[in-house]
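Let's take a walk through this one, from the parts of a single chain up to how the chains sit together. Have a look at the model first.

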Number of protein chains: 2
Amino acid sequence: MKHALPVTREQDFAAWYQAVISEADMAEESGVRGCMVIRPWGYGIWERMQKLLDDRIKATGHENCYFPLFIPLSYFEKEAEHVDGFAKEMAVVTHHRLIQKDGRLVPDPEAKLEEPLVVRPTSETVIGAGFSRWVQSWRDLPVLINQWANVVRWEMRTRMFLRTAEFLWQEGHTAHATVDEAMDETLKMLEVYRSFAEECIALPVVAGEKPENERFPGAVATYSIEAMMQDGKALQAGTSHFLGTTFSSAQNIRFQNAEGQQELAQTTSWGVSTRMIGGLIMVHGDDDGLRVPPRVAPYQIVVVPMLRDTDEDQAILDYCGELAASLNELDAFREPVRALLDKRPAKAANKRWGWVKKGAPIVIEVGGRDVAGGNVSVIRRDRLYREDGKLDSQIIAKAALVEQAVAMLEDIQTALFADAKARLDGNIDATITDIDALKSHFKGSDKPGWALVQWSKPTGDALDKVVQWLKGEKLTLRNVPLDAAEADGLCVFTGDKAVERVLVGRSY
Amino acid sequence: MKHALPVTREQDFAAWYQAVISEADMAEESGVRGCMVIRPWGYGIWERMQKLLDDRIKATGHENCYFPLFIPLSYFEKEAEHVDGFAKEMAVVTHHRLIQKDGRLVPDPEAKLEEPLVVRPTSETVIGAGFSRWVQSWRDLPVLINQWANVVRWEMRTRMFLRTAEFLWQEGHTAHATVDEAMDETLKMLEVYRSFAEECIALPVVAGEKPENERFPGAVATYSIEAMMQDGKALQAGTSHFLGTTFSSAQNIRFQNAEGQQELAQTTSWGVSTRMIGGLIMVHGDDDGLRVPPRVAPYQIVVVPMLRDTDEDQAILDYCGELAASLNELDAFREPVRALLDKRPAKAANKRWGWVKKGAPIVIEVGGRDVAGGNVSVIRRDRLYREDGKLDSQIIAKAALVEQAVAMLEDIQTALFADAKARLDGNIDATITDIDALKSHFKGSDKPGWALVQWSKPTGDALDKVVQWLKGEKLTLRNVPLDAAEADGLCVFTGDKAVERVLVGRSY
């Protein structure tokens, strides 16, 4: 069977991923090392994600604000004193002017900064400095803020949406009077991420705690949501950190408690980024391109008039215009439906396949015969082909389509989630009890998925030994699922009594 | 009469401006040179502006996307070849790693970039490079895009919201096949800005064309909206540029026209920034703090329960909770009303004055007596005091408040605009016909406002002479209003026959 993309998932998953991004006009190389251009269809999906996640962040009591892009080097010096494994690959601004020299532009040596500025890789330090100004008494706590921002991490190998030098994200930062409150916050935001991923992006995830070696530098505990891509690899799609007093020590966030004593605040941070779009592609895409869940689709329904440069065209356009207007008056998922009339001057078949590759949930084609019969031809992107392999384009009455559109969108959202959920659940092997079986599980299959194994939660050197062995097998520890059954056996790595179950898999 | 701010507009307008920002918790110094922290109340206003302007940008056919923060130096070299007066104060990234040296963090000499990267001051070059990839044929035109982004310009003297090294904005960029289409676009977006400023921010503005010396470097024509602050100075609140082929030459944006020939595209760009918040403050603020027009207020109505740590408190809270819920079910300006129940543990009077200083349009206080009587006490921020100088807090029935709330919000929006519009119109002197009168007009008054004078539109050296004279008087040319009457006299500067009327004033 022929498909719309030049390469299938089976043939070359990595090449397929790039093909989806390119054929769906989601993003492209920018000519700037490690940075991508996010084109309107990709950015439109991000805007939808932003809106839905932002609503949830605000509904849980957080307010948005904005901190500087640049962070003075001295802030990182303070951080480095408190944080082991502090990352150093960052973009550094050293000059503030260009001059012309021998016909070229160069940084002006006269305009060298006294203190270099770092382009934020994340904002714990500069936001912590803000908290230290805002917080004096227990009455000022909790502080619950979030910002939507661009951040830069100098990555050696980049991949669109998954790992880019600059990326877009939200970073929440909070300060609390007690460990309990800060832990509640950390887990609350993990749950916000889980429900957002599953309900809005139809992305089933496993929420759990990261093992010690995968913690954010400086964190006391790191939690994540992990999604399974169609090649069986894991993608960390969001993290929530309990930071204890690491950053409040470094940035001096102190408050007077109700007893009149000075205490360090307990802080948290949590983030979700444009990486989520990479997850959406690798979970929902197929060999014809992207499939966007309706809740995050920039356009949920696209109406394509089949014009022939004849007198009939105007009647078709009018008919399509009315249809799009009727659809836009509907509400789905408690928001207005987003329907587009695609009037661009191009062949209808090209437009159809363009929207298929972009993954618009419903594509409606209207030709002269449809207008005459009061009908439309409907393609559902989640079930593109009939059993005989032909495109499943169904003719139904226009009025019936308007009547069914909302239910159809809800059904597509549900179907995409159900598919992905079945794949996730079906590809976690929880039966492996020894290290040889673990090894052969991942050696023996192209798409081995993940293994959920019991372990003794080793720390320090003992953990390092496990991590090194896994590395040799190209495996990583993902997280300890919050909803996993209690341990009742032996550690698959050490043979000691197990204390919990941890997910093992390949990862992005 | 005592006011909530420590300084009045009359006493010291600049100090008053800073006091509003500080007392309303809108923004603060960040500790990073020239960069501010935008706190939730300030950022909430920006989010409201974003939403309302973004709707208008999309409604006029533009799509959002995202281009890189970093622009390679070579792009600016190409620009410098095409653009006179190209600005050079920019933040330059030269290294991509930090290392520890003698106990300090320093940029790693081993990690010096081969080609320095500039932090975008604006994105014509990098977006132009994108357009050159996207545009091959006339069928690919127009390209109509916009991005919401942070940009950096190394300013020597900074002032919160008005001029900061980093600021937030939207920048629209478009490419067209013909000069006419590009000019239509330039003026269309100017009109979008005008209607957005006037309808949403209640900010009356004068839309017009900037004189040659005030053009964006590389532009063929620059248009602006100019707002009048309460000290009579002008604030340029938004600009729209027709760029001709300047950037399409530099970035090679070519298309094959319908006749099969290669042509350079005609481009435009247009932007509005967080500067608009500075304008909002200086137009609507008073000696008690900010007054936020309801359409851009993060909270339009704030309900303050007057608690006394007694058994009555719960009944007051319940009553307030119901009230806030009823208000939030209403729609004003075709959006849900934004009402907040302020439950923070602080004295009611402090909370009241806090919201007055923040400029929430309506503040409602509820005490035990109000609950007993089924009433609320209402303060309208746009008319805070009675004629006798006392706070104008009116007791009305709760049900009546809910019934009147939407009309009250609409009335406040209208009243703030009407006040500002009367001030703008009343402070433009169109009667000045000679240069001595112009000079004495601005020397003779503390708040001279603007002068609308006839001029001969000199260019080159002749214009420079005018500009230098104005500079000596601390004056600038603002714009040539689109709706000004035709010239019918002599140029106030040169004595030649006038061709149009231009606004002159002090400015930010």
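Chain A splits into domain 1 (13-91 + 120-284), domain 2 (299-411) and domain 3 (428-505), with bounds that come from an automatic or database domain assignment. Keep in mind that this is a predicted model, where local features need pLDDT of at least 70, side-chain atom pairs count only at pLDDT 80 or more, and totals for chains, interfaces and linings use all residues. Residues are numbered from 1 along each chain as its sequence is written, chains are lettered from A and ligands numbered from 1 in the order in which they are written, and side-chain values use heavy atoms, leaving out hydrogens and water.

Start with how domain 1 and domain 2 of chain A meet. Their C-alpha centres lie 38 Å apart, and 7 residues of domain 1 of chain A are in contact with 7 residues of domain 2 of chain A, contact meaning heavy atoms within 4.5 Å. About 670 Å² is buried between these two domains of chain A, 51% of it on carbon and sulfur atoms; buried area here is the accessible area (1.4 Å probe) that two parts lose on being put together, summed over both. On the domain 1 side of chain A, Glu23(A), Trp41(A) and Arg48(A) lose the most area to domain 2 of chain A, together 75% of what that side buries.

Now for a pair of helices in chain A. Helices are DSSP runs (H or I, at least four residues), numbered from the N terminus. The axes of H2 (residues 40-59) and H7 (residues 275-284) of chain A come within 10 Å and cross at roughly 110 degrees; axes are lines fitted to C-alpha atoms, for helices over the stretch in contact, with angles from 0 to 180 degrees between N-to-C directions. That makes H2(A) roughly perpendicular to H7(A), a label for angles of 65 to 115 degrees. From H2(A), Gly42(A), Ile45(A), Trp46(A) and Met49(A) meet Met276(A), Ile277(A) and Leu280(A) of H7(A).

What about the two chains? Chain B superposes on chain A by a rotation of 180 degrees with 0.0 Å of shift along its axis (RMSD 0.0 Å), fitted by least squares on the C-alpha atoms of residues with pLDDT of at least 70 in both. That is the relation of a two-fold axis. In chain B, the C-alpha nearest the axis belongs to Val93(B), 2.1 Å from it. Between chain B and chain A, about 5,600 Å² is buried, and carbon and sulfur atoms give 62% of that.

Definitions and conventions
Helices (H or I, at least four residues) and strands (E, at least two) are DSSP runs, numbered from the N terminus. Angles under 35 degrees count as roughly parallel, over 145 as roughly antiparallel, 65 to 115 as roughly perpendicular and the rest as oblique.
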